[in-house]
Amino acid sequence: MFGYYLYLAFRSLRRSSGLTALMMLVIGFGVAASMTTYAVFRGVSGDPIPWKSSQLFVPQIDAWGPEPSSGPGEHGGMHEPPDALTYADATALMHDHRATRQSAIYAVAPTVLPAKPGSSPVPVFGFGVSSEFFPMLDVPFQFGSGWSAADDAEGSPAIVISASLNQRVFGGDNSVGRNIDLDGKDYRVIGVMKPWNPQPMFFDVVDTGGFGGDGPEIFVPLQSAIGSGMQSAGAVNCPKGVQPPPGADGLQKSNCVWLAYMAELDDAAAVQRYRRYLDNYAREQQQIGRFTWAPNNRLRDVPAFLDYEHVVPDDAQQSLMVALGLLLVCLINTVSLLLAKFLRRSGEIGVRRALGASRRRIYAQFLTEAAAVGIGGGVLGLLLTSIGVLGVNLVLPPRLAHLAHIDPVLLLMTVLVAIIASVLAGLYPTFRAARVQPAWQLKAN
Amino acid sequence: MRLHPIIAALRRHKAGVTLIVLQIALTMAIVCNAIFLIGQRIERVDRPTGAVEDGLIRVSQSWYGAPTGDDPASVEKLDALQLTDLATLRALPDVQGVAASFSMPLQGEIYSGNLTLNPEQKGLTVTAAYYYGDEHLRSVLGVRLVAGRDFRVDEILHHTIHGSAVSPVVIVSKPIADKLFPHGDALGKTIYQDGKPARIVGIVERLQTPTTSNWGSAWDYNSVIEPVRLDGASASYAVRARPGRTRAAMGEARRALMAIDPMRVMPDTWGIQSMSEIRSKIYRADRGMALVLGLVCAILLLVTTAGITGQTSFWVGQRRKQIGIRRALGARRVDILRYFQTENFLIVTFGIALGLVLAYALSLLLMQRYELPRLPWTYLPVGAVALWLIGQLAVLVPAMRAAAVSPIVATRSV
């Protein structure tokens with residue numbers, strides 16, 4: 001029976017080829033615009049570590065009090081604590097070690113001098129972290145591994161490098177155990193990562209803004225980075241009226257925030273315990289007179305923190321909204337065109353009903369026809385979506401555009417959305433078609 | 001023309017009319033708001049920095065193995081390196097002027113702080129970006145001085161960012177002067193930069209801060225020029241090329257600086273950039289998004305036009321017989337044409353009325369979610385007129401086809 005309906009649909013669509021083409025164009029454009037903007041949105045709003053993001057938390061401690069500030073950490077309205085930690089708080093949290101795994105994090109931008117004679121220095125970008133950073137974030141390794149807890153404590157000159165830096169400096173060999181010159185000091189390679197560039201760079205969005213770059217090229221133990229005078233390459237935000245004080249030592253003693261922090265907490269109970277711990281910590285600081293305000297802490301998991309930091313550009317959301325509006329208009333448009341098309345065939349419906357076709361049959365026939373329009377629109381939509389995503393790559397900054405890509409899921413969604421949209425659009429016209437009174441139609445004819 | 005028969009006919013096509021009205025209303029709401037969003041972006045991209053951007057170049061580099069300490073010996077060594085670079089750049093044939101300049105408008109690297117009128121930092125507070133540079137910075141940027149004077153050579157300090165020296169004199173942008181001294185007597189007054197006193201010796205008309213990020217948008221033209229050549233393992237310079245020689249000056253600068261120190265880090269991506277490169281890089285997302293939104297709007301309008309044409313064509317086909325009868329009873333072709341045009345005008349008017357409400361609601365939603373300003377009311381009449389025109393355009397072909405129906409149709413039974 002379905003085959004017969006398809007045949008009927010095909011004949012009917014061919015009979016009014018202009019209207020059919022119009023409907024397919026409308027569906028195709030609507031779906032393509034939505035899918036193109038969705039591809040961008042999906043790229044920038046994706047969960048960078050889906051298997052674990054609900055177990056990774058960013059603690060925030062109010063080290064500034066209710067005095068408003070003006071830095072990048074400001075979030076109008078409610079009084080929120082700064083979005084990074086002071087050195088004192090980060091060190092205390094590391095020392096207390098209350099989470100399953102944890103690491104303070106800060107961005108560094110030293111210079112590597114390849115050992116090859118005649119080579120010029122290479123600026124690199126990376127982070128000072130603790131040993132637990134690597135297992136906590138499931139950082140993949142090509143050679144070696146992360147450094148040990150002992151390296152953390154001793155401030156050893158250990159280093160984990162990216163696959164691309166390893167290629168550049170060591171020609172891609174297993175470089176574990178070899179030395180690399182960082183700002184004139186020797187660091188021993190402990191591990192070489194596989195290509196790893198989560199977007200957004202969720203472990204330090206405050207310093208990186210979330211997107212861009214080819215991924216971190218080096219990781220060094222936090223203590224050895226600070227000890228050797230590697231300055232923060234990211235944001236240093238100070239409470240109102242305070243400028244970053246002189247020297248690395250001054251910064252460490254100051255109330256300026258410049259360290260990101262991430263803690264792994266396995267379940268809701270652990271999260272509760274950690275919240276209590278943070279509040280107790282703030283209360284202790286209150287007792288010793290460092291904070292003159294009540295504890296005001298936050299503990300957000302990765303998706304919540306990314307949302308809080310507005311990592312997804314408003315642009316991406318707004319254009320998706322407008323495109324969904326377009327899809328809705330296309331849908332309404334298709335409803336009215338299908339309605340026109342179906343009702344024009346009232347006579348045919350009358351004959352079919354008089355010859356014994358049930359209402360259900362009419363439903364099946366006309367929904368099949370709507371779906372056929374959807375398939376046509378979907379195929380057109382595939383083409384237009386591909387053009388759209390390629391076009392977006394031309395006009396958007398590379399840091400965003402690279403995230404929008406065509407993959408089987410997107411293509412499948414394009415066709416599915418087109419078919420579902422046109423079947424939805426066909427529901428009301430089909431309902432009207434099925435209500436056609438056979439006797440009245442036959443008489444009129 | 002009497003509207004009564006049109007309205008009577010529309011009542012018989014409730015579903016079709018409702019669908020078109022909805023379509024027009026949604027189109028109006030979306031297009032008005034989207035064009036407003038586009039306008040906001042264009043406004044953002046087009047705003048001037050206050051500098052003369054044509055011919056302005058930023059050089060940014062770091063010395064490999066330079067001292068990192070804050071001790072006097074290191075600072076002097078770093079300053080000597082910087083002075084050598086500045087002198088070398090100044091001597092280049094295609095270079096008109098050079099200044100030490102940590103920051104550059106739009107470029108992103110920024111130091112900022114709070115300005116007050118007392119050392120206790122109470123009361124009126126203005127957040128501002130600090131442009132660290134030497135006595136040439138204002139003139140090399142091409143920022144217009146509206147009161148006072150430039151820095152004198154002997155006023156220029158040099159230290160690292162952690163240095164504790166206080167700048168005794170500053171040049172502020174006009175918005176700062178106006179905010180702190182509403183009576184227009186800012187020149188010569190003392191302000192406190194994060195609690196440290198400084199005297200205003202000059203006021204510049206306009207100087208955008210180095211950041212275009214949201215967090216700095218509330219004070220985007222609050223800039224202070226500090227008489228400080230900032231020393232550090234990296235240093236940046238502002239270079240003014242001779243007219244039309246920007247490219248040549250950039251090439252000369254690279255060669256000359258690398259000749260002094262081949263080990264310095266000055267990558268192609270951000271080492272030497274013209275101001276126009278910096279501008280196009282920073283606003284690329286805005287321009288791209290405006291283009292995407294514009295395209296979506298264009299498609300939306302096309303779809304709506306096509307929908308109206310399709311629906312009217314169907315109605316014309318359905319009413320051939322009635323049209324024939326009217327023609328047979330004496331209606332002229334132009335009467336038939338006017339009938340469909342008036343019908344369309346009525347439908348579009350309903351759509352616009354509903355669209356006004358939807359546009360307003362959507363604007364409220366956007367205001368709430370994205371802290372956008374309210375949709376200015378002027379967009380609505382413009383949108384309405386545009387939709388009336390589109391409606392008339394869409395209906396023209398089917399209406400003319402209707403007008404061409406011959407009276408003879410009335411005599412045939414279908």
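**View 1. Contacts of Arg149(B) in a predicted model.** Setting aside neighbours within four places in sequence, Arg149(B) is in contact with Val201(B) and Gly202(B), where contact means that the C-beta atoms, placed from the backbone, lie within 7 Å. The model is predicted, and local features need pLDDT of at least 70, side-chain atom pairs count only at pLDDT 80 or more, and totals for chains, interfaces and linings use all residues. Residues are numbered from 1 along each chain as its sequence is written, while chains are lettered from A and ligands numbered from 1 in the order in which they are written. Arg149(B) and Ile200(B), which are 51 residues apart in sequence, lie 9.6 Å apart in space, C-alpha to C-alpha.

View 2. Arg149(B) is exposed because 12 other C-beta atoms lie within 10 Å, the cut-offs being 12 or fewer for exposed, 20 or more for buried, and partly exposed in between.

**View 3. An open sheet of chain B.** The sheet has 4 strands in the order E2-E12-E1-E13 (chain B), with antiparallel pairing; two strands pair if DSSP finds at least two bridges between them. Its edge strands, each pairing on one side only, are E2 (95-100) and E13 (272-274) of chain B.

**View 4. Strands E2 and E12 of chain B.** E2(B) and strand E12 (residues 234-241) of chain B run antiparallel and are joined by 5 bridges, and Val95(B) stands opposite Ala241(B) in E12(B).

How values were computed: Helix = DSSP H or I, 4+ residues; strand = E, 2+ residues; numbered from the N terminus. Contact = placed C-beta atoms within 7 Å.
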